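Please examine the sequence and the structure shown below before reading the report.

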Amino acid sequence: MCKTEILIPADFNYFPAVYVVCGRTDMRYGIDSLAAIIEKRFKVDLFVPNTLFLFCGTSAAEAYSLITEIMHLDNGFDDLSNTDRKKQRQHVLQDKVDAYFEWIKLKYSQVTHNSTIGKALAYSINQEEYLRKFLTDGRIPMDNNYALSEGITYPHLFLESQTISIPSQKRCA
């Protein structure tokens, strides 16, 4: 993947069949489930060489997909020392995080800033410095699941100070 591009143009001369799935597609299903739905609903053989399927999702689904990929890769560094985790994050994740923020800024320029997605994108942009911190320190978890599972409070998120209790589990994604 190019550092400055999220989508690389396809050569449509290479694809004898191109299917566009119109409408919004819930990309959380994953490719295997989407393939099964297409195969069953439209009775299309998915294993014909050089066949291209295009799905349309929402901006939220695109963001979720980008973040999930980063988190999935970061989960692979759990057993590394803090120093090695930092090196791997910078080597493997830096370009993906850069692409995520480029995408966020591009999308923000295309949406109504007061909409729900506009507010979510603005939050990411405004918090970029802090959201990138995990890349520079191997001790910092990418998410706050551990803190939540340990019952650490976030009083600024609530009207009254309270403890969040979530059962311990493997990190998301």
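Predicted model: local features only at pLDDT ≥ 70, side-chain atom pairs only at ≥ 80, totals over all residues.

Residues are numbered from 1 along each chain as its sequence is written, and side-chain values use heavy atoms, with hydrogens and water left out.

**Salt bridges**

The whole structure holds six salt bridges (a side-chain nitrogen of Lys or Arg within 4 Å of a carboxyl oxygen of Asp or Glu).

| Pair | N to O distance |
|---|---|
| Lys96 and Glu69 | 3.0 Å |
| Asp98 and Arg132 | 2.8 Å |
| Asp137 and Arg139 | 2.7 Å |

Lys96 belongs to helix α3 and Glu69 to helix α2, so their bridge ties together parts 27 residues apart in sequence. Helices here are DSSP runs of H or I with at least four residues, numbered from the N terminus. Lys96 is partly exposed at 24% relative accessibility, and Glu69 is partly exposed at 33%. Asp98 and Arg132 are both buried. Buried means under 20% relative accessible area, exposed over 50%, and partly exposed in between (1.4 Å probe, protein chains only). Asp137 is buried at 17%, whereas Arg139 is exposed at 61%.

**Helix packing**

Helix α3 (residues 82–108) packs against helix α4 (residues 116–126) at about 140 degrees, with axes 9 Å apart. Axes are lines fitted to C-alpha atoms over the stretch in contact, and angles run from 0 to 180 degrees between N-to-C directions.

Technical notes
Helix = DSSP H or I, 4+ residues; strand = E, 2+ residues; numbered from the N terminus.
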